[in-house]
Amino acid sequence: MSLFTIDYSDKQVLLIESSGNMRATIVYMLRQLGVSNIHAVTINDQLMELIQEEAFDIVLLGHNASDSFSGMQILEECRFRGFMKASSCWVFMTSDSSQEVILHAIDSKPDVLITKPFSMDELKARLDLVMYRKLSLVEVDEAVSRGQLDRAVKLCDRVELAGKNYDYVQLVKGRLLLEMGRFEEAEHFFKYRFVHLSEKESGLCLAEALIGQGKLQEASEHLGELLSHFPLLMAAHDLYAKVKESMGEVEEARLALRDATQKSPLSIPRHMELGRVSVHSNSLDVADHAYRKSISLGKHSCYRSPEPFLRLANVKRLQMKNSSNDEAIKLHNQLDEILNHVTYRYPDDPAVRLEAELLRSELERDLNNPEEAKRHLQKAVVYAKQMEVPVDIDEQRRIVKGEPLPKSTEDVAGVARAAAVKHDPEMSMRVNRLGVKHYLADKAAQAIRYFGLAIEHDPKNTKALLNLAQLFLESAKQESARRDERLKMVSRYLKLTERMPLEPAERSKLLFLKQSLALPLEELPSGSLGALLR
C-alpha cells in the first residue's frame with residue numbers, strides 16, 4: 001500500500017497502448033485512482049504532436065515489440081527531442097523484461113519502469129511515489145527553468161522529506177552542483193553519499209565531479225570500482241570509455257564500449273562511439289560491425305542519419321590498405337555500394353554528396369591515383385560551393401576520415417569536462433532560455449557561454465545553435481580583430497542546424513541568417529539581428 005495520498009482528480013493523463021484489452025484495463029485502474037481526464041490512444045501519426053503540445057501530468061507508455069512504431073521508439077524520441085518535461089511523470093510499461101529492453105529503456109530515463117501485467121495497487125504505489133516527489137520539488141523545478149540554479153540548490157535544502165525521498169532530493173541538489181560547474185563541492189558531496197550509502201547514482205556523479213576537475217586517473221579508478229559493484233550501470237560504462245580515451249588509453253576505451261554494447265545492444269549512440277573508437281585503435285572489424293548495427297537499429301529511430309553509412313564507407317577504405325588484391329576489389333565494390341546507397345537515400349542533403357566525394361578522393365589518394373583523387377576533390381569543391389553555408393574543405397576531409405584524438409593537455413581536460421555533462425535535452429532548453437535572458441540583459445559573453453552549455457547537453461538543440469550563430473554574426477560586425485574567426489563559427493553552427501528537422505520559426509531564422517551571412521558585414525543592421533529563439 002502507498003504511504004502517500006495524492007489527489008488525481010485534477011491530473012491530465014495520456015495513456016498510449018496499442019492493445020485494446022490492456023488499454024481498457026489501465027483506464028479502469030486510473031478511474032479507480034480518481035483520474036477523470038484520461039486521453040487513451042493507440043499509436044498514430046499525430047502522437048508526437050500531441051505529446052509536444054499538450055501539458056500532461058502523467059504519460060503511461062506501453063511498449064509492444066510487434067508495433068510498427070514501438071513504445072521504446074516513442075520514449076527514445078521524446079527524450080531525444082526534449083518532450084519529457086520535468087513536471088510530467090513518465091511511466092514505461094513493457095511485457096518484455098529482457099535485459100536489453102530494460103537497459104535501453106533506462107537510457108531514456110522514464111520516471112517509472114513497470115512490467116505488464118501489473119496490479120492496481122502496484123501502479124498506485126509507483127505513481128504515488130513519483131508524484132509525491134515531483135510535487136515536493138515544484139519550486140526547485142521552477143527555479144531551474146528560470147536559470148536560478150543557486151536558488152534551486154537552496155530550495156532543495158528546504159524540502160522536508162525523509163528516508164529514500166530525502167535521498168532523492170539530495171541527488172537532485174548534487175546534480176545541480178555539477179550543472180553549475182561547482183565540481184570540487186560536488187566531489188565532497190557525492191563522495192560522502194557514495195561511501196556511506198553505496199548509491200550507484202552518487203558513484204556516477206562523483207566520477208563526473210572528478211572529471212570536471214581534470215582528475216582523470218582518480219576518476220578512472222573510481223569508475224572501475226563502481227562497475228565492479230554495478231556492472232549494468234550503462235552510463236558508467238560510457239563515462240569510463242570517455243575517461244580512458246582522454247587519457248590516451250584508446251584500446252581500454254574500445255574494450256569498455258564493446259562490453260557496454262554487449263550488455264545493452266540497442267543503443268545507436270553507443271554503437272557509433274564504439275565504431276569511432278575502434279577506428280582509432282585500428283580494430284576495423286569491430287568498427288565495421290558497430291556501424292552496421294547502427295544502420296540496422298536506425299531504420300525507424302530518431303537517430304537515423306547518413307553518418308553511420310559514411311563512417312562504414314571509411315572503414316572499407318581503411319580495410320583496403322592491408323588487404324590482398326582480390327579482397328581489395330571486393331572492399332572497393334562495397335565502398336561504392338555504400339556511398340551510392342547513402343546518396344540515394346538522402347538525396348536532399350548536399351553535405352552527403354560532399355562527404356562522399358571527399359571519401360572517394362581519399363580512396364584514390366590511398367591507391368596512388370593522384371589525378372583521380374584531384375578529380376573527386378574538385379567535385380567536392382563544386383558541391384561545397386553549391387551549399388548556402390560556406391564549407392572548410394580541409395576540415396571536412398578530417399571529419400570523413402575520422403575525428404583526431406585530443407593531443408594537448410588542454411584538449412584532454414576539455415574532453416574530460418565535456419564528459420561530465422549528461423545528454424539532457426530538457427536541461428539544454430532551460431540553459432538556452434537562460435542564455436536568452438543574459439542576452440536581453442546585454443551580457444553577450446555570458447549568453448554565448450550558456451548557449452554553448454545548452455549544446456553540450458544536447459548537440460541537436462537547434463534553437464541554441466541558431467542563437468549562437470546570430471550572436472557570433474553580430475559580434476563579427478562589431479569586432480573586426482576576430483572577424484574571420486567569428487564568421488567561421490557562424491558557418492559552423494548554421495551547417496550543423498541545416499541537417500536537422502526544424503520547426504517553421506527555426507527554418508525561417510536559418511534562412512535569414514544564411515542571407516545575412518552572404519551580405520557584406522557593413523550592410524548588416526547595427527545591434528541585434530532579431531529576437532533569439534527560446
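1. In this predicted model, the lining of the second largest pocket divides by class into six nonpolar, eight polar and three charged residues. The second largest pocket holds about 350 Å³ of space, and of the 17 residues that line it, Ser 70, Met 72, Gln 73, Leu 266 and Leu 297 lie nearest its centre. Two or more lining residues are given by each of the elements α3 (71-80), α4 (99-107) and α15 (284-297), with the largest share, three residues, coming from α3.

2. Ser 88 is placed in the loop between α3 and β4 (89-94), and it counts as buried because its relative accessibility is 6%, under the 20% cut-off. Its side chain reaches the backbone oxygen of Phe 56 at 2.6 Å. When neighbours within four places in sequence are left aside, Ser 88 is in contact with Phe 56, Asp 57, Asp 111 and Lys 134.

3. Helix α25 (residues 483-498) has 16 residues and, at 1.5 Å a residue, should therefore span 22 Å; the end C-alpha atoms are 23 Å apart, which agrees with that expectation.

4. Which residues of α25 are buried? They are Arg 486, Met 489, Val 490, Ser 491, Tyr 493, Leu 494, Lys 495 and Thr 497, and the buried residues of this helix pack against α20 (393-401), α23 (444-457), α24 (462-478) and α26 (504-518).

Definitions and conventions: Residues are numbered from 1 along each chain as its sequence is written. This is a predicted model: local features need pLDDT of at least 70, side-chain atom pairs count only at pLDDT 80 or more; totals for chains, interfaces and linings use all residues. Side-chain values use heavy atoms; hydrogens and water are left out. Helices (H or I, at least four residues) and strands (E, at least two) are DSSP runs, numbered from the N terminus. The expected span of a helix is 1.5 Å times one less than its number of residues. Buried means under 20% relative accessible area, exposed over 50%, partly exposed in between (1.4 Å probe, protein chains only). Contact means heavy atoms within 4.5 Å. On a 1 Å grid over the protein atoms alone, a cavity is a set of points where a 1.4 Å probe fits but cannot get out, and a pocket is an open set with protein on both sides within 12 Å along at least five of seven lines; lining residues have an atom within 4 Å of a point. Grid points are joined across faces, edges and corners, and a volume is the space filled by probe spheres set on the points. Ala, Val, Leu, Ile, Met, Phe, Trp, Tyr, Cys and Pro count as nonpolar, Asp, Glu, Lys and Arg as charged, and the others, Gly among them, as polar. A polar contact is a pair of N or O atoms within 3.5 Å; within protein, one must be able to donate a hydrogen and the other to accept it, and residues adjacent in sequence count only if both atoms are side-chain atoms.
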